[in-house]
Amino acid sequence: MPAPLHAVEVVDLVKAYGPRRAVDGLSLIVPTGSVLALLGPNGAGKTTTVEICEGFRRPDSGTVRVFGLDPVADAGALRPRVGVMLQDGVGGYTGASALEMLRLFASYAANPQDPDTLLGIVGLTEGRDTAVKRLSGGQQQRLSLALALVARPELVFLDEPTAGMDPQSRRGTWDLIRSLRHDGVTVVLTTHFLDEAEQLADTVVVIDAGRVVAHGSPAELTRAGAEGQLRFRAVPALGIESLVAALPAGSQAREDEPGRYVITGDVTPQLLALLTAWCASQHVMAEDITVGRRTLEDVFLELTGRELRA
Amino acid sequence: MTAPSFAPAPAAAPRSRMLAAQVAMEFKLLLRNGEQVGLTLVIPLLLLFFFNLPLLYKLNTPRRIDFVVPSMIALAVMSAAFTGLAIGTGFERKYSVLKRLGATALPRSVLILGKTLSVLLLELVQLVLICGLGLALAWHPQVNPVPAVLLVVLGTVAFGGLGLLVAGTLRAEITLAAVNLIWLILLFAGGIAIPLDKYGRTANDILQYLPSAALSDGLHQVLQQSAGGWPIRDVVTLLVWAAVALPAAARWFRWE
């Protein structure tokens with residue numbers, strides 16, 4: 001049997017809890033060796049999708065294949081190959097120490113990572129002898145990450161990997177995920193942090209209400225439809241008409257939401273100079289001036305009309 | 001941070017290694033849990049001492065200790081396989097331990113075998129302590145080893161199935177309350193501490209089919225009476241309980 005091209009393939013996935021469809025016709029592909037981020041607000045269906053891929057839940061309809069296998073029917077073959085980081089805490093023996101938990105999980109694998117070394121990598125050397133239930137939220141997240149990696153999996157599912165971590169641990173976790181990708185591990189992560197998706201993912205799948213609303217590389221998503229755009233922030237309710245009058249013919253200006261302005265047209269150095277001259281005449285400070293580039297936050301806002309609770 | 005290679009090398013360990021690690025972890029955690037140690041090790045020993053004193057009721061036996069030791073062995077089995085297992089498993093469900101272990105290479109069969117072996121290991125410790133204290137209190141056993149071991153194993157399976165049925169279907173806090181209450185009721189009204197004939201004939205005819213009564217009565221027959229043959233009725237009773245409880249637990253057990 002030839003090796004399947006994709007680590008994960010989801011087609012028309014539907015999963016309902018009662019009358020509510022948590023996942024509503026979702027499709028995605030995770031190429032082997034890549035990092036895919038499922039980005040969306042709480043309740044968008046990220047965890048349900050990931051847990052179906054992990055074999056914890058069965059789809060109502062649609063198909064899910066992991067390395068070409070069925071996550072439920074072929075669980076025995078898939079479990080050793082897949083590392084899982086659950087949302088919300090470790091989900092382990094609460095009376096065991098961090099090191100004992102990691103050693104236990106290492107004993108399930110034929111070629112495990114060295115538990116002590118791995119605890120050092122996730123920055124948990126100090127908590128190694130602390131009972132799981134006494135670890136802080138961020139420490140539990142880091143142990144959970146180590147547990148997902150100790151068996152040297154080919155594919156890892158990381159559900160909100162940096163939730164509850166301090167900024168330093170977050171950066172460390174990002175470096176770790178980059179190392180995973182470098183070493184050929186396929187990574188599927190969920191996040192509602194835009195910067196996380198932007199920093200780590202080869203592919204970002206933006207989901208809302210159980211559906212894919214956009215997908216592509218971070219660069220594609222933020223560039224698409226943004227050619228000829230100049231964005232800036234300033235005090236709300238500037239006089240748009242006088243701004244348009246000051247700009248070259250054919251340029252448009254609008255206030256997307258209070259204090260956020262978009263100029264569309266031919267973006268040239270002259271346009272930028274005219275904008276700053278106009279701002280100076282209005283005694284207005286323009287901040288965050290960006291040219292031809294949206295943030296993922298803008299993308300999400302445009303697609304759903306709502307803000308991500310970042 | 002100097003990361004080692006994360007280059008994939010996935011493969012499950014041999015089942016024997018998983019099993020050994022699993023039993024060691026379960027048993028270590030059990031000994032670390034004060035309530036479990038109290039329930040399964042300390043209380044049976046204290047009750048052995050207490051029931052050996054002729055305080056609550058009289059027994060129609062010349063040597064009280066010869067009655068009390070088999071009772072406490074039955075209690076120990078019930079404490080370990082039913083109450084202790086149910087409470088431990090209930091909280092493991094609550095804290096997603098079972099879900100988390102379900103996402104590793106550990107097969108369910110090894111998880112369940114690990115739990116079984118750790119309960120049997122605990123029972124071995126209980127037996128050593130109870131028999132040791134019994135002998136120190138001048139217990140004179142009439143040991144008929146084969147049926148005695150069979151009764152303990154069958155009692156473990158029947159009570160274990162019931163414990164998993166409760167733990168797998170109810171919330172952890174309700175499991176905790178329920179199995180402690182049942183433990184107390186069966187201790188006194190289930191033929192363990194007090195002979196069932198004290199409750200009258202009708203009650204005896206019904207209550208003798210409780211798993212606690214069957215285990216306790218069977219152990220009294222093979223440990224107390226020199227001419228005690230095979231306690232067929234008790235063995236069959238425990239078999240029936242096991243045959244009902246285990247499939248029911250397998251059918252209704254919810255992992256999360």
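**View 1. Val206(A) has Ala214(A) as its bridge partner in β9(A).** Strands β8 (residues 203-208) and β9 of chain A run antiparallel and are joined by five bridges. Strands (E, at least two residues) and helices (H or I, at least four) are DSSP runs numbered from the N terminus. This is a predicted model in which local features need pLDDT of at least 70 and side-chain atom pairs count only at pLDDT 80 or more, while totals for chains, interfaces and linings use all residues. Residues are numbered from 1 along each chain as its sequence is written, and chains are lettered from A and ligands numbered from 1 in the order in which they are written.

**View 2. An open sheet of six strands in chain A has the order β5-β6-β7-β3-β8-β9.** Its pairing is mixed; two strands pair if DSSP finds at least two bridges between them. β5 (82-85) and β9 (211-216) of chain A each have a single partner strand and stand at the edges, so one side of each lacks a neighbour in the sheet.

**View 3. Helix α5 (residues 137-149) of chain A packs on the sheet.** This helix touches β5 and β6 (155-159) of chain A, and its direction makes about 170 degrees with that of β5(A). Axes are lines fitted to C-alpha atoms, for helices over the stretch in contact, and angles run from 0 to 180 degrees between N-to-C directions.

**View 4. 29 residues of chain B are in contact with 36 residues of chain A.** Contact means that C-beta atoms, placed from the backbone, lie within 7 Å. On the side of chain B that touches chain A, the largest share, six residues, comes from α1(B).

Key:
Two residues are in contact if their C-beta atoms, placed from the backbone, lie within 7 Å.
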